[in-house]
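Have the sequence and the 3D view open while you read, and look up each residue as it comes along.

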Amino acid sequence: MSKNLIIVIFCFLFLCCRGESNDCKNSYQKAKINLNKYYEDRSSSHLDSALYYANQLSACTEYKVRAVNLKITVYTLLKKYEMGCKYVDSLNVNDFSLPYQKTLYMKTFEGLSFEQRDDYTKRDACYKEIVAEIERYLNTNPLDKNAIADLFYTKLKYEEKKVVINEINLMQSQKKNDKEFFEALKETINAME
């Protein structure tokens, strides 16, 4: 009798977990679909739907980082910077794929909020805090290409493009084995407005 009970419990847990995983996958897919629809027609109703489905992912541990990234993207596109800032503040550093990203997103939302109010001095101060945080991270992880890209994309928000390109050239001369990466980074930055 106890073997049967164990089998029944195992089957129940397996089906429950499987259902949760499918629910998580479906919510994630629906959030992405709505985000893509927004890019097609710029209707904010798609962003509201994407946010709804991203909120459903809060209980899905395997989708946590993706849900965080989705919600940050949606808050940014909706220009709900204060809500985005509060959301990021509520998160743990471990909810991000890289440790400096909580600061990056918090200060980006703050910077965008200051920019909305035409306060460029405070905006630039926020971006400089992000740069300092990324540079601290790069001191112990100097080969992290995502962090290097984040560093220069952030600098581009308050420095002239030619200054940023010169800084990339300087870093490239120090890391000669990553020529393709730095060339692609410069090309991307040159294409940005």
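1. Ground rules. This is a predicted model, in which local features need pLDDT of at least 70 and side-chain atom pairs count only at pLDDT 80 or more, while totals for chains, interfaces and linings use all residues. Residues are numbered from 1 along each chain as its sequence is written, and side-chain values use heavy atoms, with hydrogens and water left out.

2. The disulfide. How many disulfides does the structure hold? There is one, where a disulfide means a pair of cysteine sulfur atoms within 2.5 Å. C24 is joined to C60, with an S to S distance of 1.9 Å. This pair links distant parts of the chain: C24 belongs to helix α1 (residues 2–41) and C60 to the loop between α2 and α3, 36 residues apart. (Helices here are DSSP runs of H or I with at least four residues, strands are runs of E with at least two, and both are numbered from the N terminus.) The torsion about the S-S bond of C24 and C60 is about -85°, so the disulfide is left-handed. Both C24 and C60 are buried; that word means under 20% relative accessible area, with exposed being over 50% and partly exposed in between, using a 1.4 Å probe and protein chains only.

3. Two cysteines without a bond. C126 is in no disulfide. C85 counts as buried at 15% relative accessibility, and C126 is buried too, at 4%.

4. Helix α2. This helix covers residues 44–56, so 13 residues, and reaches 19 Å from its first C-alpha to its last, close to the 18 Å expected at 1.5 Å a residue. (The expected span is 1.5 Å times one less than the number of residues.) Which residues of α2 are buried? They are H46, L47, A50, L51 and A54. These residues cover an arc of only 140° around the axis, which puts them on the same side of α2; the arc is that of the directions from the helix axis to the C-beta atoms.

5. Tyrosine rings. The structure holds seven aromatic pairs. Rings of Phe, Tyr and Trp (its six-membered ring) pair if their centres lie within 6.5 Å; planes under 30 degrees apart are stacked, over 60 edge-to-face, and the rest tilted. Y75 and Y87 make a tilted pair, 5.9 Å centre to centre with 50° between the planes. Y75 is in helix α3 (residues 64–77) and Y87 in helix α4 (residues 81–89), 12 residues apart. Y75 is buried at 8% relative accessible area, and Y87 is buried at 13%. Now look at Y100 and Y137, also a tilted pair, with 5.1 Å between centres and 55° between planes. Y100 lies in the loop between α4 and α5 (101–116) and Y137 in helix α6 (residues 120–140), so the pair ties together parts 37 residues apart in sequence. Y100 and Y137 are both buried.

6. A charge over a ring. Which ring does the charged end of R66 sit over? It is that of Y28, with the charged end 5.2 Å from the ring centre. The rule is that NZ of Lys or CZ of Arg is within 6 Å of the ring centre and within 35 degrees of the ring normal.

7. Salt bridges. There are 10 of them, each a side-chain nitrogen of Lys or Arg within 4 Å of a carboxyl oxygen of Asp or Glu. K155 forms one with E135, the closest N and O atoms being 3.8 Å apart. K155 is in helix α7 (residues 145–155) and E135 in helix α6, 20 residues apart. K155 is buried at 10% relative accessibility, whereas E135 is partly exposed at 35%.

8. One turn along a helix. E183 and K186 form a salt bridge, with the closest N and O atoms 3.1 Å apart. Both lie in helix α9 (residues 179–191), three residues apart, about one turn of the helix. E183 is partly exposed at 34%, and K186 is buried at 11%.

Technical notes:
The expected span of a helix is 1.5 Å times one less than its number of residues.
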